[in-house]
Amino acid sequence: MGVTLNYQAIPPRSSFYLRLQNDRDFRVLANSLSCSGNLFNLFEHDPEEFNEYMREAISCNRDMLCRTNLEKSMLIGDFRESVRIICRDYPKIVRADASLDKSFEEISDKLIEELLKRKFDNVDDIVANLLYGDIELGKIIVPAEELYGFASTSREAVKKGANILRQIEPEALFSEEEEWRYLEDFREWKEFYILADDLGAEIVIDLI
């Protein structure tokens, strides 16, 4: 499957996250911009490059976003200010991100197998929450059913998932010789998850 899951740590009580949850246009714009990588790294580009990202994102979603030029200008301004504030107030959290590029199916299968060996209950739900989140933001992420969009992982699910991942060594799932790419993807994803938990963050997930 030619898709990538992007994971971004986010402060639960930040104004950016509240807008993402409650403002459809804001969410559509963030969803489009996330294709460029870490949402908050965009703020590090020069203003003209940042504006170009914005114009392209709005152009690609012309039928879904606000209609008037004034509304578009207000949306861009609000988004830029929200990014500036979250980067200022939560610099460690916004730098925490990860991605699984075409490897999440293999990771899902191996995690399910490993947790079944360890006699966990509700294994399918645990792994689904780890990979695809437990809160729907817009359209839920279910790759096998081709339902793509934003989802998020609550603090409770992040904490639970991180505690489980702390118990699992990457080498228990994948061999270094034959499955090194999956091994490295899982290792980096695990480290991200634990960091997000240590920082008290939730996680926003986007499929591109």
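A pocket, found on a 1 Å grid over the protein atoms alone, is an open set of points where a 1.4 Å probe fits, with protein on both sides within 12 Å along at least five of seven lines; its lining residues have an atom within 4 Å of a point. Its volume is the space filled by probe spheres set on the points, which are joined across faces, edges and corners.

The model in your viewer is predicted: local features need pLDDT of at least 70, side-chain atom pairs count only at pLDDT 80 or more, and totals for chains, interfaces and linings use all residues. Residues are numbered from 1 along each chain as its sequence is written, and side-chain values use heavy atoms, without hydrogens or water.

**Stop 1: the second largest pocket.** Select Ile126, Asn129, Glu156, Ala157 and Lys160, the closest to the pocket's centre of its 13 lining residues. The space here is about 190 Å³. Helices α7 and α8 (155–166) each give two or more residues to the lining; helices are DSSP runs of H or I with at least four residues, strands are runs of E with at least two, and both are numbered from the N terminus.

**Stop 2: helix α7.** Now select residues 123–132. Which residues of α7 are buried? They are Val123, Ile126, Val127, Leu130, Leu131 and Tyr132, where buried means under 20% relative accessible area, exposed over 50% and partly exposed in between (1.4 Å probe, protein chains only). Asparagine 122 counts as exposed because its relative accessibility is 56%.

**Stop 3: the sheet.** Colour the five strands and follow the order β2-β1-β5-β4-β3, an open sheet with antiparallel pairing. Strands pair if DSSP finds at least two bridges between them. β2 (97–101) and β3 (135–137) are at the edges with a single partner strand each, so one side of each has no neighbour in the sheet. Zoom in on β1 (residues 4–10) and β5 (residues 202–207), an antiparallel pair with six bridges; leucine 5 has leucine 207 of β5 as its bridge partner. Next, show helix α10 (residues 180–198), which packs on the sheet and touches β1, β2, β4 (150–153) and β5; contact means heavy atoms within 4.5 Å.

**Last stop: lysine 102.** Look in the loop between β2 and α6 (104–117). Lysine 102 has a positive phi of about 60° although it is not a glycine.

Key:
Axes fitted to C-alpha atoms, helices over the stretch in contact; angles between N-to-C directions.
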